[in-house]
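Subject: Structure handover

Hello,

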Amino acid sequence: MARVLLFGRLADQAGWRDRLIEADDLAALRGALAANDPALGEALAAPGVQVAVDKAIVRGEAALTAATEVAFLPPMSGG
Amino acid sequence: MIVTATVTLAEQPFEPGALVTAFCANRQETGAVATFVGLARAEKGAAAALELEAYPGFTDAAIGEIAQTAIDRFRLQDVHIVHRTGRILPGEAIVFVAAAAGHRREAFEACDFLMDYLKSRAPFWKKEHGPGGARWIEPTDRDRTDAERWD
């Protein structure tokens, strides 16, 4: 189980920004999100989209526990 | 002396003058305080409002890290950064940066350095609301080359 957060255009595209999803690791989480919304799955896998697990950028795989927060971050605009 | 920056994400409008006054108070060894205030432009009617999204806990931590880099690089005595989030109207302040140093050069350069980072690399997502609807904004080439001056 993970709490999934979407930011910027990803949240607009998905129509939600905060959701609990059952998954043991990032790959399973991506799979669950893509099964539910294939266009979103593609957008989350696109170059330039970074993933933060518990507020730290992760490249590659990560295990998820009950309280894990996973954020998908589209390219940042600056302030 | 260990110096840590103060970084605040503000959902409501803030008054820059009050921040400058507070930042300058009670300093015996500070010779220079440089400040920068960024305002939202109307773009001649094209931008009715800006919407800035942050990731609390992540965005402020990332800004804090770059502020720490500025403290070390420019030997600063203090840094205060306030950044608006949410819906921002033309004329409202978006960002406030203050740097305190022994002498002016370091304070000026630190503000310049921090703003180039904030404009190009800080973790915000920016949407412009105009007459034709809303669009997401990404950094301009100018923002990127400004930031590269310091690499």
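This is a predicted model: local features need pLDDT of at least 70, side-chain atom pairs count only at pLDDT 80 or more; totals for chains, interfaces and linings use all residues.

Residues are numbered from 1 along each chain as its sequence is written, while chains are lettered from A and ligands numbered from 1 in the order in which they are written.

Core. The largest nonpolar core has 48 residues. Such a core is a set of buried Ala, Val, Leu, Ile, Met, Phe, Trp, Tyr and Cys residues joined through C-beta atoms within 7 Å. Buried stands for 20 or more other C-beta atoms within 10 Å of the residue's own, exposed for 12 or fewer, and partly exposed for values in between, with C-beta atoms placed from the backbone. The members that touch the most others are B:A67, B:A70, B:L76, B:V79, B:A99, B:A110 and B:L114. Strand β6 (residues 93–101) of chain B supplies the largest share of this core, eight residues. Helices (H or I, at least four residues) and strands (E, at least two) are DSSP runs, numbered from the N terminus. Leaving out residues up to four places away in sequence, B:L114 is in contact with B:I66, B:A67, B:A70, B:I81 and B:V97; contact requires C-beta atoms, placed from the backbone, within 7 Å.

Interface. Chain A puts 13 residues in contact with 23 residues of chain B. On the chain A side, α1 (8–14) and β5 (68–73) are the elements that give two or more residues. That side has seven nonpolar, four polar and two charged residues, where nonpolar covers Ala, Val, Leu, Ile, Met, Phe, Trp, Tyr, Cys and Pro, charged covers Asp, Glu, Lys and Arg, and polar the others, Gly among them.

Strands. β5(A) also pairs with β3(A): the two run antiparallel and are joined by four bridges, A:V53 having A:V70 as its partner. Pairing takes at least two bridges found by DSSP. β3(A) is joined to β4(A), again antiparallel, by three bridges, and A:V51 stands opposite A:V58. β3(A) and β4(A) form a hairpin with two residues between them.

Backbone angles. In the turn of that hairpin, A:D54 has a positive phi of about 50°. A:D54 is partly exposed, with 17 other C-beta atoms within 10 Å. In chain B, the phi of B:R75 is near 50°, a positive value in a residue other than glycine. B:R75 lies in the loop between α2 (59–74) and β4 (78–84) and is partly exposed, with 13 other C-beta atoms within 10 Å.

Regards

Definitions and conventions. Two residues are in contact if their C-beta atoms, placed from the backbone, lie within 7 Å.
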